Amino acid sequence: MRITGIQHLQQTARTTIAEVHHGASASGEQVEVFIVDAAAWAAPGVAERVRKAAALQALELRRPLALESMQDGRLAIVTETRRSLAQLLREGTRLTPNDAATITHGIAKALQAVHAAGLVHGRVDPTTVRV
């Protein structure tokens, strides 16, 4: 599998509609690449849910750096990489009370926006919170 300008792709996870890969851009920037299955993308409601999620400004979603249609019909979405809260804590990062409050407020704001848009989120825990 080749994505223009991305090197060293390694699959790290699989969701219900996409494979998640980590790699590096030509400049060395770490990126995540979401490979969305053509069949999943075409399933009723998926494109609408993605469109709604992308429209949620309050979430401060990772902005796509690149989009690429693959030869097999899948869509590659390249985004910046953010570490999970779990990774930071494992590395020994100590959160100040202000840091913890800021992260908690961001989570609450994101969940409020998701629910207001009629979307359903998955698990919310330190492994899924990106900072």
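**The core and beyond**

A: The largest nonpolar core has 8 residues: Ile3, Ile6, Val31, Val33, Ile35, Met70, Ala76 and Val78. Keep in mind that this is a predicted model.

Q: Which elements give two or more residues to this core?
A: Those are S3 and strand S5, which covers residues 75-80. S3 gives the most, with 3 residues.

Q: OK, zoom out. How many helices and strands are there in the protein?
A: There are 4 helices and 5 strands. From the N terminus on, the order is β-β-β-α-α-β-β-α-α.

Q: And how many of the residues count as buried?
A: The protein has 131 residues, and 27% of them count as buried.

Q: What share of the contacts with a separation of 6 or more comes from residues 24 or more positions apart?
A: That share is 46%.

Q: Where is confidence lowest, and where is it highest?
A: Helix H2, residues 46-55, is lowest, at a mean pLDDT of 63. H3 is highest, at 90.

Q: What should I not read in detail?
A: The predicted coordinates, where pLDDT is low.

Q: Back to strand S3. Is Glu32 buried or exposed?
A: Glu32 is found in S3, which runs over residues 30-36. Glu32 is buried, with a relative accessible area of 2%.

Q: What does the side chain of Glu32 make a polar contact with?
A: With the side chain of His22, at 2.9 Å.

Q: Where is Thr12 found?
A: In strand S1, residues 6-14. Thr12 is partly exposed, with a relative accessible area of 43%.

Q: What about His8? Which strand does His8 lie in?
A: His8 lies in strand S1. At 66% relative accessibility, His8 counts as exposed. Its phi is near 55°, a positive value in a residue other than glycine.

Q: New topic: Arg74. Where is its place?
A: Arg74 sits in the loop between strand S4, residues 64-69, and S5.

Q: Is Arg74 buried or exposed?
A: Arg74 is buried, because its relative accessible area is 16% and buried means under 20%.

Q: Which side chains are joined to Arg74 by a polar contact?
A: One is that of Glu19, with a polar contact of 3.3 Å. Another is that of Asp72, at 2.8 Å.

Q: What else does Arg74 touch, not counting residues up to four places away in sequence?
A: Arg74 touches Met1, Glu19, Ile35 and Val36, among others. The list also includes Asp37, Ala38, Glu68 and Ser69.

Q: Now helix H4. How many residues has H4?
A: H4 has 20 residues, 97-116. From its first C-alpha to its last, H4 reaches 28 Å, close to the 28 Å expected at 1.5 Å a residue.

Q: Which residues in H4 are buried?
A: Ile103, Ala110, Ala113 and Val114 are buried. Seen down the axis of H4, the buried residues fall within an arc of 100°, so they line one face of the helix.

Q: What covers the buried residues of H4?
A: The cover includes helix H3, residues 85-90.

Q: And which residues are exposed on the other side of H4?
A: Pro97, Asn98, Thr104, His105, Gln112 and Ala116 are exposed there. Take Thr104: its relative accessible area is 51%. Thr104 and Val129 are 25 residues apart in sequence. In space, they are 9.9 Å apart, C-alpha to C-alpha.

Q: Last one. What is H4 followed by?
A: By Gly118, whose phi is positive, near 75°.

Definitions and conventions: Residues are numbered from 1 along each chain as its sequence is written. This is a predicted model: local features need pLDDT of at least 70, side-chain atom pairs count only at pLDDT 80 or more; totals for chains, interfaces and linings use all residues. Side-chain values use heavy atoms; hydrogens and water are left out. The expected span of a helix is 1.5 Å times one less than its number of residues. Buried means under 20% relative accessible area, exposed over 50%, partly exposed in between (1.4 Å probe, protein chains only). The arc is that of the directions from the helix axis to the C-beta atoms. Contact means heavy atoms within 4.5 Å. pLDDT is the predictor's confidence in each residue, from 0 to 100. A polar contact is a pair of N or O atoms within 3.5 Å; within protein, one must be able to donate a hydrogen and the other to accept it, and residues adjacent in sequence count only if both atoms are side-chain atoms. A nonpolar core is a set of buried Ala, Val, Leu, Ile, Met, Phe, Trp, Tyr and Cys residues joined through side-chain atoms within 4.5 Å.
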